Amino acid sequence: MTTPELFGDPDQWPEQDLVSISEAFGPHLVLAALHEGVFPMPIDGDEVPEPLRGGMGWWSPQLRARMPLERIRVPRSLRKSARHYRTSVDREFEEVVRRCADPTRPLGWIDSRISDAYSFLHHSGWAHSVETWDEEGRLVGGLYGVSVGGLFSGESMFHDPELGRDASKVALLRLACELASTDPRILDVQWLTPHLETLGAVEVPRHTYLEDLDEVLRSPEPGWTPADEPLWTGRRLLEAFDGRPRPPEDDRRSTAPGQPDPAEEPR
């Protein structure tokens, strides 16, 4: 298990997802927190006591969602959609974050503090984005997160509701290709949503996630595709996805599955 530093002994954490609140925040804190199985999300809303409102929440869900890449479900409809898109890595990081932070999206949580911190991490080589483009060259979907060793901490994903059907799912397929060479690994998606569950995400207890984390952090970094490389066609993506190396499947312990929901749900 990770050595307690910023957040103390995990055995002493409260029996809830929120483990701490701070006024201090910055990219170096984000990296340190990820090493301890914790990630940031602002605290706000009328349900939050006034003295704490606007602080930065630090979270480690009691049931942590992760995406075993070997279990990603690719129905025929998604394969058909993927053939109409092109994908890239790290071409439009700031734009992907901006689209994920669109205040009109439900449950929006990405504020300027988050955007600035993750932009710094991107320019420092820690944070990465995957972009999905339509046949007319428009950005219609994507995702971003932080890569540390064999851990990819997925932060958010988006799709254009009019132009980008399945576009965030296609970005996930490209991410799976980028991460395929790293073993052991964790694709951390933090909380399970119906959308992620339809793609194959599972939940594990917090202690299981933390027990796995140390070894994963010691894994080598993935060999990220350079941003200036040509866009991948849908055909190339599917060929790479189907042919990627497949280490033993991740721990399958999970809660009972809910009813599938095809809607693309943001985090």
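Let's start in strand S6, which is where Ser129 sits. This is a predicted model, and in it Ser129 counts as buried, with a relative accessibility of 1%. Its side chain makes a polar contact of 2.4 Å with the side chain of Glu131.

What does Ser129 touch, not counting residues up to four places away in sequence? There's a run of names from Ser88, Val89, Asp90, Arg91, Glu92 and Phe93, and then Val96, Leu143 and Tyr144. Two of those names come back below: Ser88 has Glu131 as its bridge partner in S6, and Asp90 lies in the loop between S5 and helix H3 (93-100).

## The eight-stranded sheet

S6 belongs to an open sheet of eight strands, ordered S10-S4-S9-S8-S7-S6-S5-S11, with mixed pairing. Strand S10 (202-205) and S11 stand at the edges with a single partner strand each, so one side of each has no neighbour in the sheet. Further in, S5 and S6 (residues 127-133) pair in the antiparallel sense over four bridges.

Helix H1 (residues 27-35) lies across two of the strands, S7 (139-148) and S8 (151-159), and runs at about 70° to S7.

## Helix H8 and what covers it

Leu237 takes us to helix H8 (residues 234-243), where the buried residues are Gly234, Leu237, Leu238 and Phe241. Seen down the helix axis, these fall within an arc of 95°, so they line one face of H8. The face turned away from that buried side carries the exposed residues Arg235 and Gly243.

Which elements cover the buried residues of H8? The cover includes helix H2 (76-82), strand S5 (86-89), helix H5 (167-179) and strand S11 (232-233).

## Strands S1, S2 and S3

Strand S3 (residues 56-59) pairs with two other strands. Strand S1 (residues 18-22) runs antiparallel to S3 over four bridges, with Ser20 standing opposite Trp58. Strand S2 (residues 39-42) is also antiparallel to S3 and joined to it by four bridges; here Met41 stands opposite Gly57.

As for the side directions in S3, Met56 and Trp58 point one way, Gly57 and Trp59 point the other, and all are buried.

Most residues other than glycine have a negative phi, and most peptide bonds are trans. A few spots here go the other way. The peptide bond from Asp183 to Pro184 is cis, with omega near 0°, and Pro184 lies in the loop between H5 and strand S9 (186-190).

Then there are two aspartates with positive phi values. Asp90 has a phi near 65°, and its relative accessible area of 16% makes it buried, since the cut-off is under 20%. Asp166, in the loop between S8 and H5, has a phi near 70° and counts as buried too, at 8% relative accessibility.

Conventions: Residues numbered from 1 in each chain as written. Predicted model: local features only at pLDDT ≥ 70, side-chain atom pairs only at ≥ 80, totals over all residues. Heavy atoms only, no water. Buried < 20%, exposed > 50% of the residue type's maximum accessible area, 1.4 Å probe, protein only. Arc of directions from axis to C-beta. Contact = heavy atoms within 4.5 Å. Pairing = 2+ DSSP bridges. Axes fitted to C-alpha atoms, helices over the stretch in contact; angles between N-to-C directions. Polar contact = N/O pair within 3.5 Å; in protein donor to acceptor, adjacent residues only side chain to side chain.
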